[in-house]
Amino acid sequence: MGTSVINEYRTLIEKVNDLKNELTHLPVGYISKKTIKGKPQYYLQHREGMKISGRYIRADEAEAIAAKIERRKEISEQIVKIDERISQLEKAAEIIGKDLFCILMMYKLSSGMDE
């Protein structure tokens, strides 16, 4: 039983690390559309503290960037679900035995060191 918990835990930790890595390559924010002189203009905007920052994007880029923003949302939701499962496995490991819990924590803490 301990081996299956460890294998699932490792798989989930690796998946979260991969997803977080993918997040670093995706745009943050949302696309706003403004009409200026009768023509649509698109901006990628995001909040930085109390300030909203934005940059112009060409109309032909807007759809691709919107898809990347949607992908970021999907990844964030996946990470939340995986983190919940990781938490469940950690609680189960504590119940099963301290040694198993220690193995999981050691793997969790060392998983990002290779990068």
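The dialogue below takes up a helix, then the salt bridges, in this predicted model.

Student: Which residues of helix H3 are buried?

Tutor: A general idea comes before the case. An α-helix has 3.6 residues a turn, so residues three or four places apart point the same way. In helix H3, which covers residues 98–110, the buried residues are Leu100, Leu104 and Tyr107. Viewed down the axis of H3, these buried residues fall within an arc of 65°, so they line one face of the helix.

Student: Which exposed residues does the face of H3 turned away from its buried side carry?

Tutor: That face carries Lys98, Asp99, Met106 and Leu109, which are exposed. As for length, H3 has 13 residues and reaches 18 Å from its first C-alpha to its last, close to the 18 Å expected at 1.5 Å a residue.

Student: I would now turn to charged pairs. How many salt bridges does the structure hold?

Tutor: Side chains of opposite charge can pair when their charged atoms come close. The structure holds 6 salt bridges. One of them joins Glu8 to Arg85, with the closest N and O atoms 2.7 Å apart. Glu8 lies in helix H1 and Arg85 in helix H2, so this pair ties together parts that are 77 residues apart in sequence.

Student: How accessible are Glu8 and Arg85?

Tutor: Glu8 has a relative accessible area of 29% and is partly exposed. Arg85 is also partly exposed, at 31%.

Student: Which residue forms a salt bridge with Lys108?

Tutor: The partner of Lys108 is Glu90, and their closest N and O atoms are 3.0 Å apart. Lys108 belongs to helix H3 and Glu90 to helix H2, so the pair ties together parts that are 18 residues apart in sequence. Lys108 counts as partly exposed because its relative accessibility is 36%. Glu90, by contrast, has a relative accessible area of 14% and is buried, the cut-off for buried being under 20%.

Student: Which residues are linked in a network of salt bridges?

Tutor: Glu22, Arg71 and Glu74 are linked in such a network.

Definitions and conventions. Residues numbered from 1 in each chain as written. Predicted model: local features only at pLDDT ≥ 70, side-chain atom pairs only at ≥ 80, totals over all residues. Heavy atoms only, no water. Helix = DSSP H or I, 4+ residues; strand = E, 2+ residues; numbered from the N terminus. Expected span 1.5 Å × (residues − 1). Buried < 20%, exposed > 50% of the residue type's maximum accessible area, 1.4 Å probe, protein only. Arc of directions from axis to C-beta. Salt bridge = Lys/Arg side-chain N within 4 Å of Asp/Glu carboxyl O.
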